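User: Hi! Could you walk me through this model once it's on screen?
Analyst: Happy to, here it comes.

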Amino acid sequence: MENTLTDPAFWHRIHFGFTITYHYLFPQLTMGLAWFLVYWKWRALRTGDEKYNRAARFWARIFGLNFAVGVVTGIPMEFQFGTNWAAFSKYSGAIIGQTLAMEGMFAFFLESAFIGAFIWGEKRLGPRTHFLTAVCVATGSWLSGFFILVTNAFMQHPVGYALAPNGTLELVDVGAFLLNPWALVQYAHNQSAALVTGSFVIAALGAFYTLRRIHPEQASVYLKTGTLVGLVASVLVAFPTGDSQAKMVGAYQPATLASMEGLFHGERLADVTMIGQPNVSQQRLENPIGLPGALSFLAYGTFQSYVRGLDEFPKDDWPDNIELVYYAFHLMITLGTIFILIMAWANWKRWRGRLESSTALLWVLMLAFPFPYIATSLGWMTAEMGRQPWLIHGLFRTNNGYSQVVSSGDTIFTLIGFAGLYFVLGLLFLYLTGREIYKGPDAEHGAPSHQEVPA
Amino acid sequence: MIALWYGILAFMLTTYIVLDGRNFGVGILHWIVARNQNERRQVIAAIGPLWSWHEVWLVGTGGVMVMAFPRLMAASFSGCYLALMLILWCLLLRGISIEVGGHMSDRLWQQFWDAVFVFSNVLLAVLFGAALGNVGRGVPLNTEGTFYLPFFTNFGIRGNVGLLDWYTVPVALFGVLTLTAHGATYLTMKTVGPVHERSVKLARRLWIAVIPAFVIITVLTWFVRPELLAGIAVRPVTWATMLICIAGAYAVVNGFRHQREYQALLGSTFVLFGILMTGAAALFPVVLFSTTDANLRLTAADCAAPEYSLGIAAAWWFPALILAVCYLVIIQRHYSGKVNVSKDNQGLY
């Protein structure tokens, strides 16, 4: 077996995988929070109730912090297309470059121009204009998500392209490319998941303040909005968006679907596995407990539908780590189900008027907030590991995509550098976020404090 | 169409350097113009939360480059791998230092983040300057159109070159000097009190120093890459960009003479813009010269994406630019005028 330390393809993949997973922890919260901010600004405008303004002001600070980390960790993502994935950029740049450039031109300019005014300009701008800046920021953040998902969808299910005479890809139908059915489904699924993250974080803070018996008025706003949106978003993630996403995978990436379910041999009445571990060397699922026929039904619409197994595909086209795809997918589904249950429980209690007095539930809500982050990361692992061994599904293999001139040592070195920097960044982020949470939503957000220090 | 996209790419990169370059300059001068914590907060507040808007130009440049010239992006980014990673890390540290510095009340922490701010900005100015020097000199392209640059080899400018040599180092230093002058000019507009006085004094001296440095760089370029100067002579568009440069220089002089700080900043922006665009226009149609074999050079046509992609992109790029400019116009009022440390913000949250 080849020595992994000298295998550049492996390290380029880890490099991108690590930096993108870390990066996406932050945008998912900004996208999740953005419409909450708009909603609270709108409520404040309509009702004149100051508590909504306070909520928006507090979460705008958390938003700004996440946005800043998102910016500094996002720039390396764009650069890595050229530094680490030069062959891929050369092959498909004419297509994926469209959306990467659109993201900067349409989304980031909008978002970053207005975010300062949104976070700092409330007094100077007046309520109406301030509300509009919130809309601009939210639109910008969701647009950038759209362009990135169109880019990713092209890698999952390429459309609108042709092979140019020089062997690279060229765009032939920009409409088909931008309205890739895969992109629309994936966008809906991903944005619902971002809303799940946002609502769980907001509800968690509400639960924390309630348990601590501080900021009661704000805590109740967070709990109410967070659990309501949380329930809707958790359901949307599963149905219809998650369901349609699985059907997409079934239609266009059957080998991936087989890996996600550990289905080594094709069959009718295929199970959805509840419990079981794939054993790739023996090509079977250990101790499987499943719902008979559920996979056939979910993926293709009838219980009698035939689901193709991995053995029907050449081994070269199998995802290169089937266990990982399988576990990531199943854990994501499990977490998604638990999210619906938690939020249903919370909404039931709220409907009965007992949300704030139900200590067990508040503890669960408070401790649940990391899990949506885990679930979205697992979802992306399923999508990206499941797409393997392809970089662009069916067209271009991952092993052909990396930069030939960059050695594995260079890549490992910079990976360690990123790991170190991101560790420090994570500590700072947690420290500053923690401080905001302790200061609380009722503190005056003055201009940068501590300026009185004379020389 | 290829020439159009070459122009757009040059325009975007130039705009990035002109906008963020003034932040680099501010960072380089940070310890020199600001002597106590209060003054240092004033300097960082002068950058304010617009630093991310400036960095978007770099993101946009990257996007446009991979879209319009995929082969150029692939060759140059992977070829300068370690240097680019350093740039990324510096951008990261610079961003953090702006955001975090003002939020830590402890003086030692503030001093620490100020140091990070200064060093990352100095390194960024050096690296971007050296990168432009490398574009002018050329890189050791092989027959596959790729290369890999070490940081330095024997400091020669032919054959197996490194990122740094006796040409690119002076270019990098010239970049640092010019961006520092640019940053000082910006500070004269945004600050008051002792910081303002020091900035005015420094800006004048720095701009005077830029003149002989510019002559030296031009002479060096003539030695290293005579094609560039020949390109200026035959390409009329460079006359327009040089005119911008000269008009800018006049505005700088005039602005300082009459204490019109806004005019001086506009002038220094035009000077930088003119120099960089002249260079870019002189380079065309080549995008990367080869130091090993003149025939291995890459031209814009070699690297460009197919016509249809470029046409589509042109259809959305111009409206997008107009929108971006509109945002700036709307938002500019919000940030105009001198900064006030107790009122103005230093970052995004």
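User: Is R308(A) buried or exposed, or in between?
Analyst: R308(A) counts as partly exposed, at 37% relative accessibility. Buried means under 20% relative accessible area, exposed over 50%, and partly exposed is in between (1.4 Å probe, protein chains only). Before we go on: this is a predicted model, where local features need pLDDT of at least 70 and side-chain atom pairs count only at pLDDT 80 or more, while totals for chains, interfaces and linings use all residues. Residues are numbered from 1 along each chain as its sequence is written, chains are lettered from A and ligands numbered from 1 in the order written, and side-chain values use heavy atoms, leaving out hydrogens and water.

User: Thanks. Which residue does R308(A) meet in a salt bridge?
Analyst: That's E312(A), at 3.6 Å from N to O. A salt bridge here is a side-chain nitrogen of Lys or Arg within 4 Å of a carboxyl oxygen of Asp or Glu. E312(A) is partly exposed too, at 33%.

User: How many salt bridges are there over all chains?
Analyst: The count comes to 18. In one of them, R13(A) pairs with D320(A), with the closest N and O atoms 2.7 Å apart. R13(A) sits in helix α1 and D320(A) in the loop between α11 and α12, 307 residues apart. Helices (H or I, at least four residues) and strands (E, at least two) are DSSP runs, numbered from the N terminus.

User: And which residues are linked in a network?
Analyst: K41(A), E50(A), R57(A) and E122(A) are linked by salt bridges. Within it, R57(A) and E122(A) come to 2.7 Å. R57(A) is in helix α3 and E122(A) in helix α5, so the pair ties together parts 65 residues apart in sequence.

User: Last one: what does the side chain of E261(A) join in a polar contact?
Analyst: The side chain of H330(A), at 3.5 Å. E261(A) lies in the loop between α10 and β3 of chain A.

Key: Polar contact = N/O pair within 3.5 Å; in protein donor to acceptor, adjacent residues only side chain to side chain.
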